[in-house]
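Reader: Could we go through this model together? I should like to begin with a helix and then turn to the domains.

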Amino acid sequence: MTDFGITSFGAYIPRMRLDRAAIAAAHKWMAPGLRGLAKGSRSFCNWDEDAITMAVEAGRDAILGRDVSGLKAFGFASTRPPYADLQPSAIVSGPLALPLRLRSVDSGLTQRAGTSGLLAALAAGEPALFIASDNPRAKPASQQEMTFGAGAAAFVLGHENVAARLVGSGSSISNFVDHFRDAGEDFDYHWEERWIRDEGYAKLIPVAVREALEDAGLSIGDIDHLAMASMLRGGAAQVSKLLKFEGNLVDEIADGCGYAGAAQAPLMLALALETAKPGDKIMVVSFGQGADVLVFEVTDAIEQARPRRGVSGSLAAGIVTDAYLRMLSFADGIDLEWGMRSEKPAKTALTEQYRSRGQMEAFMAGKCGSCGTIQFPQLQYCARCHAPSDQFSDVSLREEPAKVMTQTADWLSYYPSPPLYVGFVQFENGARLQMEVVDVGPEGLDIGTPLEMVYRVKERDRQRGYNRYFWKAVPATGAGKA
Amino acid sequence: MATGIKDKVAILGAGCSKFGERWDVGSPEIMAEAFEEALADAGIERKDIEAAWFGCWGDGINVGNSSIPAAVALRLDGIPVTRIENMCGTGTEALRGAAYAVASGAVDIALAIGSEKLKDTGFGGLPPPFKGTFNDLWMPMGSAPAGFAQLADGYRTRFQISKEDLKRAISHVSWKSHQNGQYSPKAHFQKPVPMDKIMNAPMIADPLGLFDCSGVSDGAACAIVTTPEIAKALGKKNIVTIKSLQISTSSGRETQLSDWDGASVPNTRTAIKAAYEEAGITRPQEQVSLTEVHDCFSITELVTMEDLGLSEDGHAVTDVLDGKFDRDGKIPCQIDGGLKCFGHPIGASGLRMAYEIYTQLQGRAGERQLPNPSLGVTHNLGGVPYQGIAAVSILGLI
């Protein structure tokens, strides 16, 4: 039997962080009890981030420097895909420059989608990329607004250099309705936590755990790391105690991230893999209308499989803010007065978008076959020697080092997160273009600031409900440097 | 070999409406205001005009597309009227159309009129323009000041100027224009503003504060052109001719290639080089009496002084601070207040500049009249410094 399993992985957590104390303070007048949850910070999507953009970043972290041409399948999971009928995996495949001949399946509809999707990809046994990306929304002043976060984790599955192989699994389904969200509704409806703990976690999870251990031929004492995704505070500790688990309880990334929906268990698996030693056994548990339990064995190849950013790098790159209304506005939770400038039309010509997909999706500059100048966008003739573009070859700017040449902070334009930082980005390979710069911390930007590229929502067409995506620059975190 | 249009075309008459927040009038009335002044100045009748060029930038807030609205507003019965749009170069582009028609011999008398009604948008500033279906996919949605503000970083990098020194110099640019504006009865802003207020104004696009940005105004300006011979025959005195009209449009080199350092506007340099050649000017710092340049933002004017060869490269900051371009300086700039204070109704601006130079050369500028000017340069910059249109004209006494 050929070996198969996780060959590389990656993660992304939005850099925006909100101190939970700021959320509690905003609601103190009507929900003083939230203060009890006011520890640390949670992640939240910048205005231009969503399950698609986070998936791209996690995917890039997983595939960086690796050959993806042999992939046969691409799986994506989220409970908050931006569209009801427009496939996230199709959108994500462009910026990741995945091969076009891919089988794809997108899933959601349960908190378990991240593990059930990964399990299905592992069961299929063919080279695949699987990404779970989620941005669970919560009502203002709800407990979930305090505890939720956002993030994405990605796994490349293959036959060579397997770093973690699945040695056992157990699953169940049950119409146990701990919470639900009606189609078309913004927010979940949650039942009492004590009932979920006693009748849900305590009864449904152990059954699946036993099945997984039997499948693996292991006992709980053989497990080194338990990664249990819990929407409830203290849920992982409760399950661990119940299972009489005495190993490493994987951090729930509550500080700096928060519960990331269907991406939570995959993020915790990624975190465990970032420090696991060869031979370690990792048990992943997720819950939602049943349970999924996956048992992995880490191999000697783990060192080479670790990502440059991962969960740890993402946690270290936070930009903490105390502006609660900023998070609320980014999540469409408040209708602010943006002025008449925001009335500008944002319709995307889908014909043009499709025609230009090569350079727009994978950020492909053109290298002139005549003079060698690298340029973006690729127009009809070389900007320098005027040779026709049919002599251009593609050069992606996604991972090309870059820095600020000139910049400004624009307070005049309509921009959902003022000021709009914009400037000339000079790439090391000679390409240059005006770009939006996002995730700028309090230190601002200056001439020469090193930059990295990210895939983001360029513009939201609120009238038609369509997002136009493109690449933007962010100040380099350093975590990303190879 | 082309010989250019030097002295082949004269300004027979010019007109300019009051600029500013013209809540009282719409586009047709404001065009008529400038048109009637020009007709009276030229001493001709409407029927003597054989062709017209109409410049207008934003059709969504004006009169709509095509030349028809201008022909209807001014009742230009059946003559060819051409609508022109070339961003902030629009007004100069209209003048070029009319001047070339006369220079070619196609017509004897032609009209150039530019008009813009920006204060019908409901907010301050310009409406965000549509960039095209392809460019919208990737171009950032920055404002006009965001595009020009970046000249500051480019300039600081090349000449190692501190942020503070550059801010002081660009503040002086605006301070000087406000000083000049008080002598321009048709200007949008006619009050001097103290330096500290300029320096400490709210930020629009770093380092440009509120007073580093030109006025957003309603206005119209026009010129009636003919040959110098006809002007003379009609009894025109102190005849002002067009020495040169040049336009340079970016092919995208600055944005796409890494050669340009962001400290100057190459299109301005290309256009003025051609213009000085056409006009036979070899020593601009000695020969040019005054300029009206595109001070859409203070930093633009500072950089333009070098681009026009009126400051040596790297010397604009000290020249500006030394008062070289003040009203009593060596080469006064924006004697009428410029875009900053006279106002910037986009399609009209190039023609407003020509109107001021013409008026100064004719010696009819009243309180702001300069002593014995003989040659003036106008300069517009459309688009953004890294991908734009430079439009220059040189006007002088014959």
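**Helix H5 of chain B**

Author: Helix H5 of chain B covers residues 144–159, and its 16 residues should span 22 Å at 1.5 Å a residue; the end C-alpha atoms are 24 Å apart, which agrees. The expected span is 1.5 Å times one less than the number of residues. Helices (H or I, at least four residues) and strands (E, at least two) are DSSP runs, numbered from the N terminus. This is a predicted model: local features need pLDDT of at least 70, side-chain atom pairs count only at pLDDT 80 or more, and totals for chains, interfaces and linings use all residues. Residues are numbered from 1 along each chain as its sequence is written, while chains are lettered from A and ligands numbered from 1 in the order in which they are written.

Reader: How many residues of H5(B) are buried?

Author: In H5(B), 12 of the 16 residues are buried, so the helix is largely enclosed by the rest of the structure. Among them are B:Phe148, B:Leu151 and B:Tyr155. Buried means that 20 or more other C-beta atoms, placed from the backbone, lie within 10 Å of the residue's own; exposed means 12 or fewer, and partly exposed is in between.

Reader: What follows H5(B)?

Author: B:Gln160, whose phi is positive, near 50°.

Reader: Turning to chain A, how is it divided?

Author: Into domain 1 (5–330) and domain 2 (399–482), with bounds from an automatic or database domain assignment. Their centres, taken over C-alpha atoms, are 27 Å apart.

Reader: Which helix gives the most to the side of domain 1 of chain A that touches domain 2 of chain A?

Author: H2(A), with four residues.
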